[in-house]
Each structure stands twice: as C-alpha cells, then as structure tokens.
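Here's a quick briefing to read alongside the structure. Keep the viewer open and click along as you go.

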Amino acid sequence: MRMRHKPWAEDYLREHPEIVDIDCDHANSVSQWFDNDHPIHIEVGSGMGQFITTLASQNPHINYIAIERDKNVMIRVLDKVRDKGLTNIKLLCNDAVVLTDYFATNEVARIYLNFSDPWPKTRHAKRRLTYHTFLAIYQQILHEDGDIHFKTDNRGLFAYSLESMSQYGMYFTKINLNLHEEDAEDNIETEYEHKFAEKGSRIYRMEAKFHAPKA
Ligand SMILES: C[S@@+](CC[C@H](N)C(=O)[O-])C[C@H]1O[C@@H](n2cnc3c(N)ncnc32)[C@H](O)[C@@H]1O
C-alpha cells in the first residue's frame with residue numbers, strides 16, 4: 001500500500017498514546033493495556049483498518065490489535081478508532097518481525113492476514129508474511145487452539161502460503177477458492193478486498209492451525 005508521505009503523521013500518532021504504540025512502550029505487556037482479560041485477536045498489515053475496526057465494533061468482548069508498519073497508513077486506522085469511539089482496539093506501529101517483543105507465548109487467540117503484500121519475486125520471498133520465519137513467530141505467540149485467517153486476491157501468494165504453511169506442519173480447517181461466490185455472508189471486506197472485488201477479482205481465503213506439540 002503506497003500512501004503519500006505525510007510529515008505530520010508521526011506527531012499525530014504520538015498525540016494518542018492511549019491508542020497507538022509507536023516506540024515499543026508496550027513490549028511484553030500489550031495485554032495489560034486493556035483493563036480486562038478478553039481474548040486477543042490481531043491483524044498483521046492492517047492497512048487503513050476497515051476490517052479490524054468493523055470487527056472491534058461488532059465484538060466488544062474481544063480485544064483487537066492492529067499491526068501496521070507504515071505511519072502514513074496507520075493514521076487512517078487511528079482516525080477510524082477515534083471516530084467510532086472504540087475502546088477494545090490498540091494499534092502497534094511496527095514491523096511484524098518484532099511481534100514476539102510485544103506478546104507472550106500463547107497469548108494471542110487469532111491472527112488475521114488480509115491481502116498481504118505478495119512480493120512475487122523469489123528473492124523477496126522472505127518478506128512474505130507467510131514465509132516460514134513469520135510462521136515461527138505466529139506459532140510462538142498463538143494459543144495452542146489459535147488460528148490464522150488469511151485472505152488474498154493473489155492466486156500466487158495463496159498457493160505459496162498453502163505450501164509454506166503445510167510444509168511448516170500446519171493444517172487447514174477451511175479453504176475458499178472464491179469467497180465472494182461461496183461464503184460471503186459474514187465476510188467483512190478490507191479496503192483492498194473492496195477494490196479488487198469491484199474489479200471482478202476472485203478472493204481466496206483459508207483458516208489454518210498449528211498442530212499441538214506432541215505430549
Ligand atoms: C497490500 S496492503 C493490505 C492492507 C489491508 N490488509 C487491506 O486488505 O486493505 C498490506 C499492508 O501490510 C503492511 N505490511 C506489509 N508488511 C508488513 C510487516 N512486515 N509488518 C507490518 N506491516 C506490514 C503494509 O504497510 C501495507 O499497509
């Protein structure tokens with residue numbers, strides 16, 4: 001997602017430390033940011049935040065955390081959180097590679113990956129959010145029964161992610177090869193999804209879990 005550079009974005013984010021963490025202030029203690037112990041669901045690469053802010057307004061008994069590294073994009077999520085007056089969502093303006101600095105082992109109940117950057121060149125595969133190094137991070141922070149929900153319009157990234165996850169030892173509890181035709185009823189669209197679906201692109205979706213470690 002390319003957004004025009006806004007020189008004021010960082011100052012705006014810093015004005016709202018009750019919602020946004022920009023300096024790792026909540027490392028090892030994100031869950032304590034909420035004044036309850038509701039389950040934590042996170043979205044990695046939230047973009048402008050339509051998906052996660054809609055979920056947060058529909059599910060007050062879940063605590064949501066949006067992770068987005070681009071400050072020029074994160075300001076759009078902050079605007080939505082403030083406009084909707086949401087108290088069950090916090091924003092981490094950082095790269096997903098440092099997720100284990102924020103979350104304890106087994107702390108997260110669900111991870112959403114929506115329309116992640118496909119990085120189609122093989123030499124950039126390490127940047128894909130379903131590359132095995134990212135899966136290892138998710139495995140560490142996810143609860144044993146936790147899951148990953150993944151959506152994309154990019155067939156190549158979808159195929160890659162199925163392979164990467166199954167090679168890592170994950171299994172799939174749901175796969176849709178044409179989400180908007182097959183199972184759209186409860187679907188919450190992201191900004192990218194809306195744009196691509198309007199153009200007629202097929203949307204792929206899956207839900208995946210890590211096998212529990214053997215006793
Ligand atoms: C293609 S956009 C999709 C945005 C949104 N999920 C949607 O569907 O509308 C991908 C977003 O992920 C963010 N992103 C990519 N890699 C990331 C990483 N390693 N850590 C945090 N954010 C990342 C990008 O900055 C961008 O805003």
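Predicted model: local features only at pLDDT ≥ 70, side-chain atom pairs only at ≥ 80, totals over all residues.

Helices (H or I, at least four residues) and strands (E, at least two) are DSSP runs here, numbered from the N terminus. Residues are numbered from 1 along each chain as its sequence is written, and side-chain values use heavy atoms, with hydrogens and water left out.

**The ligand site**

- The ligand sits in the largest pocket. A pocket is an open set of points on a 1 Å grid over the protein atoms alone, where a 1.4 Å probe fits, with protein on both sides within 12 Å along at least five of seven lines. Sitting in one means that more than half of the molecule's atoms lie within 2 Å of its grid points.
- There are 18 residues around the ligand, and the closest are Gly45, Glu68, Ala96, Asn114 and Thr190. To count, a residue needs a heavy atom within 4 Å of the molecule.
- By class, that shell has 5 nonpolar, 6 polar and 7 charged residues. Ala, Val, Leu, Ile, Met, Phe, Trp, Tyr, Cys and Pro are the nonpolar ones, Asp, Glu, Lys and Arg are charged, and the others, Gly among them, are polar.
- Thr190 puts a side-chain N or O atom 2.7 Å from an oxygen atom of the ligand.
- Taken alone, the ligand exposes 590 Å², and the protein buries 97% of that. Areas come from the Shrake-Rupley method with a 1.4 Å probe; for residues, only the protein chains shown count as cover.

- Is Lys209 buried or exposed? Lys209 counts as buried because its relative accessibility is 16%. The cut-offs are under 20% relative accessible area for buried, over 50% for exposed, and partly exposed in between (1.4 Å probe, protein chains only).
- The side chains of Lys209 and Asp145 make a polar contact of 3.0 Å. That term covers a pair of N or O atoms within 3.5 Å; within protein, one must be able to donate a hydrogen and the other to accept it, and residues adjacent in sequence count only if both atoms are side-chain atoms.
- Arg205 is also in strand 8, and its 14% relative accessible area makes it buried. Its C-alpha is 22 Å from that of Ile141, 64 residues away along the chain.
- Gly200 is in the loop between helix 8 (191-198) and strand 8 (204-210), and with 62% relative accessibility it counts as exposed.
- Ala159, in helix 6 (residues 155-168), is partly exposed at 36%. Its C-alpha is 9.7 Å from that of Tyr204, at a sequence separation of 45 residues.

**Positive phi angles**

- Most residues other than glycine have a negative phi.
- Phe115 has a positive phi of about 55 degrees although it is not a glycine. Phe115 is in the loop between strand 5 (108-114) and helix 5 (132-141), and it is buried, with a relative accessible area of 8%.
- Trp119 has a positive phi too, of about 40 degrees, and is not a glycine either. Trp119 lies in the loop between strand 5 and helix 5, and is partly exposed at 22%.

Methods
1 Å grid on protein atoms, 1.4 Å probe; cavity = no way out; pocket = protein on both sides within 12 Å on 5 of 7 lines; lining within 4 Å.
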